[in-house]
Each structure stands twice: as structure tokens, then as C-alpha cells.
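Take a look at the structure below.

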Amino acid sequence: MGCIDLHIHTNASDGTDAPAEAVEKARTLGLEAIALTDHDTVSGVAEAVRAGEQLGVEVVPGIEVSSDYRDNNIHVLGYFIDPEADALRQVMDWIRVERIARNEYVVNKMADDGFDISMEELRRMYPDAVLGRPHMAEFLVKKGYVSSIREGFALYLGEGKKYYLPKRRISLARAVDTILASGGLAVLAHPLQYRYPLEEVVEMIEYARSLGVKALECYYSEHSPEDERWLLARAEEYGLGVSGGSDYHGTRKTHIAMGRGMGNLAIPRRVLDELKKLR
Ligand code: AMP
Ligand code: FE
Ligand code: FE
Ligand code: ZN
């Protein structure tokens with residue numbers, strides 16, 4: 001039985017592979033299917049689907065939407081979405097505008113404080129990227145203000161630091177609605193990564209289910225065997241489906257390999273077949 005990976009980022013968001021490269025990599029690894037799940041964008045989907053048709057890899061059109069739940073950034077995966085759907089476009093536009101406003105505010109504030117930084121120079125350095133804090137941090141490294149991206153976050157850009165300004169997010173309810181209105185299946189991404197105590201994870205799962213979330217991401221590269229068992233049990237208990245993926249980001253997260261759930265356990269094809277039945 002072949003294997004799959006339903007959580008993959010490309011350079012359409014914060015991964016490093018071009019969409020077609022990610023599909024090629026999947027084929028090299030012998031994966032039967034992948035889902036492209038870039039943060040808040042579907043701009044890589046068309047290229048990946050085309051590459052998938054050429055290379056014989058099934059590519060599920062997807063997205064990973066950032067949303068707000070109790071002031072936390074909760075991620076919802078949308079699979080089988082129509083990338084052209086109006087509902088999706090509207091939300092993606094709002095998120096893009098919000099990101100640009102945040103970037104400009106932060107960069108101007110740093111410039112006011114004497115940093116040699118400007119939006120123009122950032123855009124010149126990263127003409128194709130969805131600009132964000134990782135780019136700002138790398139820029140500070142190149143200019144010699146900090147010695148690493150990590151230090152850029154630790155001193156300036158990380159939560160609670162002087163140049164941290166949170167982006168406003170759509171609500172979890174709106175994120176799920178948007179995925180449903182775009183013909184997609186909504187899946188709660190990595191439920192154990194939000195640093196909630198388990199009782200609160202259960203509350204989140206129940207609430208997400210009430211909104212129309214149909215499955216939990218149970219297989220995940222950062223899950224321990226206990227995490228995985230716990231989530232599979234919750235999926236069973238709440239009558240939810242099971243999903244799984246690596247959260248591959250190319251060389252931006254070198255500890256995550258494509259095609260792997262926790263440890264060496266690969267995710268079987270039937271996980272995708274079962275998800276299709278929940279649409
Ligand atoms: P943004 O969406 O522009 O706010 O940037 C978020 C990105 O910054 C995420 O993809 C994270 O991977 C990255 N990030 C957040 N905190 C840190 C940190 N402390 N060190 C390195 N990268 C971080
Ligand atoms: Fe990411
Ligand atoms: Fe995520
Ligand atoms: Zn992700």
C-alpha cells in the first residue's frame with residue numbers, strides 16, 4: 001500500500017520548494033498523494049496539480065488557514081477546496097492586506113528608531129515572497145544587526161518584543177465557513193501544538209466539530225506515539241475522521257521530512273480514501 005502526505009508547504013507561503021518541486025520530491029519518495037497546504041494562500045495549487053498530472057502523483061488542492069480561537073492562532077486545513085471560489089478569495093485578500101499593513105507598521109517603526117530598513121529594500125531582496133517576520137529577521141542578519149534569524153526573533157520580532165505586532169486573524173468559525181463555502185473539507189491541524197492542557201484541547205475539538213470540522217490531524221511529524229494514540233482515540237470518541245501529514249517546509253524546517261508522520265511511521269493511502277468519504 002502506498003503512502004501519502006497531506007500537509008505540505010511550498011514557496012507560495014513559507015516553504016522553500018516551488019510547488020512543482022514539492023510534487024517531484026513526492027514522486028521520488030514514492031508517495032501516491034500529497035495535499036498542498038500553504039498558509040492562507042492557494043497560489044501554488046495550480047502549478048502543483050499540473051505537475052501531479054504529469055508525474056502521476058495525486059495532488060489534493062488545499063490550504064492551511066490561520067484563525068483566532070481564544071486569542072490563539074489555530075490552524076485549519078481545507079482539503080479538496082476550489083481554489084477559484086469567491087469565499088476563499090475574499091478571505092485571502094483580507095489576510096494579505098492585514099499582513100502588508102502589519103509589515104509596513106513594523107518596518108516603519110524600526111526605521112524611525114534608526115534601523116537601516118525599508119519596505120522597498122525588503123521587497124527588492126525578496127521579490128516573490130509573501131513577506132513576513134522570517135524575512136525581516138534574515139534582513140537584520142544580512143545588515144549585521146543580529147547574528148541569526150533566531151536572534152532576530154529573540155531580540156526584536158518575537159512575541160512580546162519591541163517590534164512585535166500581532167496580525168488580526170479571522171475567527172475559527174469564519175475559517176471553517178470559508179473552507180466549507182469553497183467546497184472543502186475542514187480538518188483541525190496539529191491539535192496538540194497549541195500548548196493547551198488536554199481538557200482544553202478537548203473543548204477545542206468539540207467546538208471545532210460544532211462548526212463543521214470533520215477530522216483531526218492525528219499523524220504529524222512532531223507527535224510522539226502517545227500524542228498520536230491520544231488523538232486517534234479522540235477522533236474515534238467524537239466521530240471525527242483522521243488525517244495526517246508532515247508539515248514539510250523544505251529547508252526552512254530541516255527537522256521535518258516529507259512523507260513521514262511520527263518517527264518512521266508512514267501515512268497509508270487509506271487515510272485519504274476515508275477523508276474523501278467525509279466530503
Ligand atoms: P509572520 O506570519 O510574518 O508573523 O511570521 C510567522 C513565521 O515566523 C512562522 O512561519 C514561524 O515559523 C516564524 N517564527 C515565529 N517565531 C519564530 C522564532 N522565535 N524563531 C524563528 N522563526 C519564528
Ligand atoms: Fe509555516
Ligand atoms: Fe500549522
Ligand atoms: Zn503547516
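Which helices each supply at least two residues of the shell around ligand 1? They are α3 and α5 (133–142). Keep in mind that this is a predicted model.

**Around ligand 1**

- The residues around ligand 1 are Asp14, Arg99, Arg102, Gly132, Arg133, Pro134, Phe153 and Lys167.
- By type, this shell holds five charged residues, two nonpolar and one polar.

**Polar contacts of ligand 1**

- Arg99 places a polar side-chain atom 2.8 Å from an oxygen atom of ligand 1.
- For Arg102, an N or O atom of the side chain is 2.7 Å from an oxygen atom of the ligand.
- Lys167 also has a polar side-chain atom 2.7 Å from an oxygen atom of ligand 1.
- Ligand 1 exposes 510 Å² when taken alone, and the protein buries 61% of that.

**Helix α7**

- Helix α7 spans residues 172–181. Its buried residues are Leu172, Ala175, Val176, Thr178 and Ile179.
- Several elements cover the buried residues of α7. Among the strands are β3 (58–69), β4 (72–79), β5 (170–171) and β6 (185–188). The cover also includes the helices α3 (86–112) and α8 (198–211).
- Just after α7 comes Gly183, with a positive phi of about 80 degrees.

**Linking the two topics**

How values were computed: Residues numbered from 1 in each chain as written. Chains lettered and ligands numbered in written order. Predicted model: local features only at pLDDT ≥ 70, side-chain atom pairs only at ≥ 80, totals over all residues. Heavy atoms only, no water. Buried < 20%, exposed > 50% of the residue type's maximum accessible area, 1.4 Å probe, protein only. Helix = DSSP H or I, 4+ residues; strand = E, 2+ residues; numbered from the N terminus. Contact = heavy atoms within 4.5 Å. Near = heavy atom within 4 Å. Polar contact = N/O pair within 3.5 Å; in protein donor to acceptor, adjacent residues only side chain to side chain. Areas by Shrake-Rupley, 256 points an atom, 1.4 Å probe, with all protein chains shown as cover. Nonpolar A, V, L, I, M, F, W, Y, C, P; charged D, E, K, R; others polar.
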